Amino acid sequence: MTAFFNQVRVQAEDFDVAYELAQLRAGNAKVGGIVSFVGTVRDLNEGAHVAEMELEHYPGMTEQSIAAIIGQAQQRWPIYGALVIHRIGPLKPLDQIVLVAVTSAHRGEAFAACEFIIDYLKTEAPFWKKEQTPEGARWVDARVSDDAALKKWQE
């Protein structure tokens with residue numbers, strides 16, 4: 001099997017999805033599929049208008065946590081590479097927050113690994129989210145649906 005290409009970046013800057021996907025698969029003719037997920041800031045959450053979301057993280061620990069999640073995905077599925085870019089700092093509605101992308105020989109493995117990574121990322125990676133709403137600032141916890149999505153991988 002070809003060596004894994006894994007990359008984890010936590011950054012304030014936006015990212016270009018097309019460029020990042022091209023880099024992920026560059027030079028690997030074994031790649032038969034790329035599956036990606038892009039998360040964006042919504043303008044409404046739990047019934048409140050969201051003017052801005054601010055993401056904070058624990059430098060070093062966050063990257064290690066995400067790398068470990070990718071490692072778990074590689075143990076479960078025959079994937080060639082994975083990329084996770086997660087933004088931090090203040091973000092507005094429509095801004096991109098996260099890109100998770102996975103390459104493999106076949107779509108099934110790529111879809112499963114991508115879903116696994118984002119489910120673990122949403123619940124296990126050390127990020128803190130604060131939303132600015134008309135009622136003031138509020139910290140955002142993982143949703144019950146995020147915890148339920150994670151459980152399917154633990155059974």
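In the predicted model, the buried residues of helix 2 are covered by elements that include strand 1 (5-11), strand 5 (52-57), strand 6 (79-87), helix 3 (107-124) and strand 9 (127-133). The residues concerned are Thr62, Ser65, Ile66, Ile69, Ile70, Ala73 and Gln74. An α-helix has 3.6 residues a turn, so residues three or four places apart point the same way. Helix 2 itself comprises 16 residues, 61-76. The distance from its first C-alpha to its last is 23 Å, close to the 22 Å expected at 1.5 Å a residue.

The axes of helix 2 and helix 3 are 10 Å apart and the two helices pack at an angle of about 150°. Because this angle is over 145 degrees, helix 2 is roughly antiparallel to helix 3. The crossing of the two helices is right-handed. On the side of helix 2, the contact is formed by Ser65, Ile66, Ile69, Ile70, Gln72, Ala73 and Arg76. Helix 3 contributes Ala113, Phe116, Ile117, Tyr120, Leu121 and Glu124. Classified by residue type, this contact contains 9 nonpolar, 2 polar and 2 charged residues.

With a relative accessible area of 8%, Arg87 is buried, because the value falls under 20%. Between Arg87 and Asp119, 32 residues apart in sequence, the C-alpha to C-alpha distance is 17 Å.

Ile88 occupies the loop between strand 6 and strand 7. With residues up to four places away in sequence again left out, the contacts of Ile88 are with Val10, Gln11, Ala12, Leu55, His57 and Phe127. Ile88 and Glu56 are separated by 32 residues in sequence, and their C-alpha atoms are 5.8 Å apart in space.

Two further loop positions were examined. Leu94 lies in the loop between strand 7 (89-91) and strand 8 (96-104). Its phi is near 85°, a positive value in a residue other than glycine. Most residues other than glycine have a negative phi. Leu94 counts as exposed because its relative accessibility, 76%, is over 50%.

Lys30 is located in the loop between helix 1 (17-25) and strand 2 (33-40). At a relative accessible area of 48%, Lys30 is partly exposed. The C-alpha atom of Lys30 is separated by 29 Å from that of Gln96, a residue 66 places away along the chain.

Definitions and conventions
Residues are numbered from 1 along each chain as its sequence is written. This is a predicted model: local features need pLDDT of at least 70, side-chain atom pairs count only at pLDDT 80 or more; totals for chains, interfaces and linings use all residues. Side-chain values use heavy atoms; hydrogens and water are left out. Helices (H or I, at least four residues) and strands (E, at least two) are DSSP runs, numbered from the N terminus. The expected span of a helix is 1.5 Å times one less than its number of residues. Buried means under 20% relative accessible area, exposed over 50%, partly exposed in between (1.4 Å probe, protein chains only). Contact means heavy atoms within 4.5 Å. Axes are lines fitted to C-alpha atoms, for helices over the stretch in contact, and angles run from 0 to 180 degrees between N-to-C directions. Angles under 35 degrees count as roughly parallel, over 145 as roughly antiparallel, 65 to 115 as roughly perpendicular and the rest as oblique. A crossing is left-handed if the near helix is turned anticlockwise from the far one by less than a right angle, and right-handed if clockwise. Ala, Val, Leu, Ile, Met, Phe, Trp, Tyr, Cys and Pro count as nonpolar, Asp, Glu, Lys and Arg as charged, and the others, Gly among them, as polar.
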